[in-house]
Amino acid sequence: MTVWIAVGLTALGCYLVKLAGLTVPASVLRAPVVRRLAVLLPVALLAALTALQTFGGDGGTFGVDARAAGLAAAAVALLLRAPFLVVVAAAVLVTAGVRALGG
């Protein structure tokens, strides 16, 4: 029963956050600071998630594995201005290759 209470509270919280976003006046959303934040915040959150998933080891320790090689391959592909699908494919292939070689 405790799980369903958590699910219900989470659903209610998500609804309230969405409702709060809809009730913000348009003048606040047009402010330059808010516009800059709206552009930069998703990029920063995605970068933090990528770093945590790539370098976060077990128990809060720093760890490097095959994902770091895949991230490096993606960075090189981005520097070479490759299309998005090529960047993703390079990261996947390098990560799989390193794992296949036992790294």
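Is proline 32 buried or exposed? Proline 32 is exposed, with a relative accessible area of 55%, where exposed stands for over 50% relative accessible area, buried for under 20% and partly exposed for what lies in between (1.4 Å probe, protein chains only). The model is a predicted one, in which local features need pLDDT of at least 70 and side-chain atom pairs count only at pLDDT 80 or more, while totals for chains, interfaces and linings use all residues. Residues are numbered from 1 along each chain as its sequence is written, and side-chain values use heavy atoms, leaving out hydrogens and water.

Proline 32 has its place in helix H3; helices here are DSSP runs of H or I with at least four residues, numbered from the N terminus. Between the C-alpha atoms of proline 32 and alanine 44, which stand 12 residues apart along the chain, the separation is 18 Å.

Next comes helix H4 (66–79). With 14 residues, H4 reaches 20 Å from its first C-alpha to its last, close to the 20 Å expected, the expected span being 1.5 Å times one less than the number of residues. Buried in H4 are Ala66, Ala68, Gly70, Ala73, Ala74 and Ala77, and their cover includes H3 and H5, as judged by contact (heavy atoms within 4.5 Å). Just after H4, arginine 81 takes a positive phi of about 60°.

Helix H5 (residues 84–100) has 17 residues and a reach of 24 Å from first C-alpha to last, close to the 24 Å expected. Its buried residues are Val87, Ala91 and Thr95. Seen down the axis of H5, these fall within an arc of 55°, so they line one face of the helix; the arc is taken over the directions from the helix axis to the C-beta atoms. On the other side of H5, Leu85, Val92, Leu93 and Ala100 are exposed. Helix H4 is included in what covers the buried residues of H5. Glycine 102 follows H5, with a positive phi near 95°.

These helices also meet around a pocket. The largest pocket has a volume of about 240 Å³. Of the 13 residues that line it, Thr50, Gly70, Leu71, Ala74 and Ala91 are the closest to its centre. Helix H3 (32–55), H4 and H5 each supply at least two residues of this lining, and the largest share, 6 residues, comes from H5.

How values were computed: On a 1 Å grid over the protein atoms alone, a cavity is a set of points where a 1.4 Å probe fits but cannot get out, and a pocket is an open set with protein on both sides within 12 Å along at least five of seven lines; lining residues have an atom within 4 Å of a point. Grid points are joined across faces, edges and corners, and a volume is the space filled by probe spheres set on the points.
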